[in-house]
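Please open the structure in a viewer and keep the selection tool at hand. The stops below are arranged so that each selection leads to the next.

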Amino acid sequence: MKQMKHPIGLQPQSGSGLTMLIVALFFGSLLALGLKIGPAYLDDFTIQEALEGLDGTDGLSRMGPAEVRNLINRRLSVNNLSGFDAKQISIEKNGEFVVIKVDYEVRNNLFGNVDTIVHFQHEYELKGQ
């Protein structure tokens, strides 16, 4: 039998179907994980934007915690963030600053009895005008 000569570096490669299947399952699993966890990070980004947007709000330093919480609830409802409980936000007054602490976790069912838990913790020191 005559062997074919190949240019240097262009040797034929034999890939097995099993290897391709394992690679496809691995990347499919990463995609599924991203689709399950991704929305939690997008919601957290929306919460951060809503809270950072409070900085410089007229009369913020004169508002009580209930009024600030009401303002936060309105901002979150405008951004269509319904799964977040505003009770997970603690609001404290520190002189002319309003200190807002957010500490919550999001649980998602991945498959079967396997769940994911994503924990978020933020602290903001805001000053009104």
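The tour begins with the whole chain and then turns to individual elements and residues.

The model is predicted: local features require pLDDT of at least 70, side-chain atom pairs count only at pLDDT 80 or more, and totals for chains, interfaces and linings use all residues. Residues are numbered from 1 along each chain as its sequence is written, and side-chain values use heavy atoms, with hydrogens and water left out.

**Whole chain**

Helices (H or I, at least four residues) and strands (E, at least two) are DSSP runs, numbered from the N terminus.

Next, display the surface. The protein exposes about 9500 Å², of which carbon and sulfur atoms supply 56%; accessible areas come from the Shrake-Rupley method with a 1.4 Å probe, and for residues only the protein chains shown count as cover. Of the 129 residues, 25% are buried. Here buried means under 20% relative accessible area, exposed over 50%, and partly exposed in between (1.4 Å probe, protein chains only).

Contacts are defined by heavy atoms within 4.5 Å. Among the contacts with a separation of 6 or more, 52% join residues 24 or more positions apart.

**Helix α2**

Select residues 65-78, which form helix α2. This helix has 14 residues and spans 20 Å from its first C-alpha to its last, close to the expected 20 Å; the expected span is 1.5 Å times one less than the number of residues.

Which residues of α2 are buried? They are V68, L71, I72 and L76. Viewed down the axis of α2, these buried residues fall within an arc of 135 degrees, so they line one face of the helix; the arc is that of the directions from the helix axis to the C-beta atoms. An α-helix has 3.6 residues a turn, so residues three or four places apart point the same way.

Proceed to N80, in the loop between α2 and β1. N80 has a positive phi of about 60 degrees, although it is not a glycine. Its relative accessible area is 66%, and N80 is therefore exposed.

**Helix α1 and its surface**

Select L18, L21, I22 and L25, which form a nonpolar surface patch with about 420 Å² of accessible area together. Patches consist of residues with over 30% relative accessible area and no salt bridge; like charges are joined within 9 Å, and nonpolar side chains (Val, Leu, Ile, Met, Phe, Trp, Tyr) within 5 Å. I22 belongs to helix α1.

A32 also lies in helix α1 and is partly exposed, at 39% relative accessibility. Draw a distance from A32 to L110: the two are 78 residues apart in sequence, and their C-alpha atoms are 8.3 Å apart.

**Strand β2**

Move to F111, in strand β2, which is exposed at 53% relative accessibility. F111 and K36 are 75 residues apart in sequence and 10.0 Å apart in space, C-alpha to C-alpha.

**The salt bridge**

How many salt bridges does a search of the whole structure find? The search finds one, a salt bridge being a side-chain nitrogen of Lys or Arg within 4 Å of a carboxyl oxygen of Asp or Glu. Select E105 and R107, whose side chains meet at 2.9 Å, N to O. E105 is partly exposed at 38% relative accessibility, whereas R107 is exposed at 56%.
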